[in-house]
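Please look over the structure below before reading on.

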Amino acid sequence: MELKEIHRTYPRNPNPEQSVASDDLSVLSRFQNLSLFVENPTHNVTSDALTRGTSVDANSSSNSKTQQQHALDLTGYRKIRSVGQGSFGTAILYERQSDGQQVVMKQIALSNLAKPEREMAMNEVDVFSKLHHPNIIAYLGSSVRGDLLLIEMEYADGGTLAQMLAERNQSEPLPERFVLNIFEQLTSAISYMHSQNILHRDLKTANVFLHGKGTVKVGDFGISKIMNTNVHAQTVLGTPYYFSPEMCEGKEYNEKSDVWALGCIVGEMCCLKKAFTATNLSELVGKIMTAEYVPLPACYSESLRHVLGLMFQIDPNARPSASELLQYWVPFIYRNLGSSDGAAVGDGYTIFCTASGTLLACGDNSNGCLGQGNKTSLLVPKKIEKLEHIPIVQVASGTTHVLALTEGGIVYSWGTSSNGALALGKRIHVALEPERVILPQLVQNVREVYAGPDCTILFTRQGDCYCCGSNAGNRLGLGRKVSGTATLRKIQLDANRPKIVAVSVADTHAAFLIEGGFLITLGDNASGQRGVGHKCELLQPTIVRQLQARYVLNVKCSQTYTVATTDDNCVVLWGTRLGTPESCDDSSGSHGRNNNDQVI
């Protein structure tokens, strides 16, 4: 049983069936206009009807005809369809003829509204126009035509977070990194709003819109408030499942109530149900005021549980601010995530690996990297069915292909490669679902896989390294005349230091971390990215001699430069950092655009 969204209303006779015990009236009398009903995010609404910064009210059908008659054709816009129906108006999808961009026009019939409701509608324009953030639905303009208030806004085509959660199977929790990605984006938006002295006051999953390649956006600012002081206690607006204790108790509230609501959203994403569940209003308020929220499933980290507990502190002063969440607590959760619960990110897509070894994928699927047997893109992580009963210990993503490794050293690949990076033979350039890589007799006991830009590298427990795919710039050491290979071939480096620990590959060069903390580079040196003190062509692998006295821990190759970190907390870089201005005052004679070796 769920509770109806609260809008600003006017006194009416309360339903006797909704009366509560007299000892609860001090809190619950403020919510006397709240009724109970079963809220279904997908009920009587098209898949995108709730996604345009306009709330949908289940009781608005009585005036829908009146509102629909105000829908009009606008000069310079082509009407496509209605995408939302709310208590204050309708949301219509248009195509802007000047550039072909799809936008939503929220149309509010002011003549149908009482004075306080008109003020609330104009308040939305006032607040909305002040906000410019990548995780907030973009305000594109507003005007009044006759008795119609028109608010033009960005079109988000992925539905709402509420719809996505409602469609999710309860037995398939969302990957923690996916939850954290949305949490971080929402925190960024809310931190920005608060920095502009704006309190949202109606944060909920139905007001979080999915858009583009994993981007989420906050919308619906109809009851938001520009904060000059704390909000008066009797201003009860929003959705009861997301109310903070101070709102329930009749106290003044501030931006920390938004933080509480954000906690409700995070809890809902993890549990696939409301963070505070109840069968009646009295029970709901009681649970909120004692912070009795639904515990997170066991698959989520202790760090996430700790941060959620902070957001659900009953005392608002004890809750972190949105800025503190963004700057400290979200990174804290990321840092403490176990390596068994990882993610690999490719070109517009993400592969999640859970602690149990299950793979889920979402994002752009134009190259078949989601492993679903098709090229349909996904906004929400979905299991890779072919590997469902095969525990995976590691996953790696290249630009357009993916590798997965089992505990027994079996390798799977899928995606697209025109140069043999799939390791499935010369004739197979596309695999829409995982295919087992048949390893040569010499390539056994694989301990780690690496997917670079159109190349694959396998590490064995003996310390050998085998590769396939593009050899652009001779980055794999196969010879200048060899453009690539679909057959796994051994990479030959320094015979005196044979064991390769890690690798990073860029478009035309590569760096190999060797046991003992040494670094060897291969490939193109036109930008000085090989770290040898010049930009001349190099045909053989070379050791970075300037780092021989240090112990290198990590290395990362970019297109024109290389970065390494050492055990004495140094960050070392060499090559060409495009876009960095030259420094005329550098007494050492080296310049920012063309430093061959720098210690920061």
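Predicted model: local features only at pLDDT ≥ 70, side-chain atom pairs only at ≥ 80, totals over all residues.

The numbered points below take up a sheet, aromatic pairs and a few single residues.

1. Four strands make up an open sheet in the order β12-β13-β14-β15, and their pairing is antiparallel. β12 (342–345) and β15 (378–383) are at the edges with a single partner strand each, so one side of each has no neighbour in the sheet. From one strand to the next, the twist averages 15°.

2. Pairing of β12 and β13. These two strands, β12 and β13, are joined in the antiparallel sense over four bridges. Within this part of the sheet, Ala343 is opposite Phe352 of β13. Helix α5 (residues 176–195) packs on the sheet and touches β12, β13, β14 and β15. The direction of α5 makes about 160° with that of β15.

3. The whole structure holds 10 aromatic pairs. One of them is formed by Phe178 and Phe352; this pair is edge-to-face, with 6.1 Å centre to centre and 90° between the planes. Phe178 belongs to helix α5 and Phe352 to strand β13, so the pair ties together parts 174 residues apart in sequence.

4. Gln185 lies in helix α5. Its relative accessibility is 11%, so Gln185 counts as buried. A polar atom of the Gln185 side chain lies 3.0 Å from the backbone nitrogen of Val216. Leaving aside neighbours within four places in sequence, the contacts of Gln185 are Asn135, Gly214, Thr215 and Val216.

5. Thr358, in a loop of the sheet. The loop between β13 (349–353) and β14 (359–363) contains Thr358. What is the relative accessible area of Thr358? The value is 16%, so Thr358 is buried although it lies in a loop. The side chains of Thr358 and Ser356 are joined by a polar contact of 3.4 Å. With neighbours within four places in sequence left aside, Thr358 is in contact with Phe352, Cys353 and Lys383.

6. Glu246, in another helix. Helix α6 (residues 245–249) includes Glu246. Is this residue buried or exposed? Glu246 counts as buried, with a relative accessibility of 4%. Its side chain makes a polar contact of 3.0 Å with the side chain of Ser257. Residues up to four places away in sequence not being counted, Glu246 touches Lys251, Glu252, Tyr253, Lys256, Ser257, Ile314, Pro316 and Arg319.

7. Other rings. Trp260, Phe276, Tyr293 and Phe312 are linked into a cluster by ring pairs. At Tyr241, the charged end of Lys274 sits over the ring, 5.4 Å from the ring's centre.

How values were computed. Residues numbered from 1 in each chain as written. Heavy atoms only, no water. Buried < 20%, exposed > 50% of the residue type's maximum accessible area, 1.4 Å probe, protein only. Contact = heavy atoms within 4.5 Å. Polar contact = N/O pair within 3.5 Å; in protein donor to acceptor, adjacent residues only side chain to side chain. Pairing = 2+ DSSP bridges. Axes fitted to C-alpha atoms, helices over the stretch in contact; angles between N-to-C directions. Phe/Tyr/Trp six-rings, centres within 6.5 Å; stacked < 30°, edge-to-face > 60°. Lys NZ or Arg CZ within 6 Å of the ring centre and 35° of its normal.
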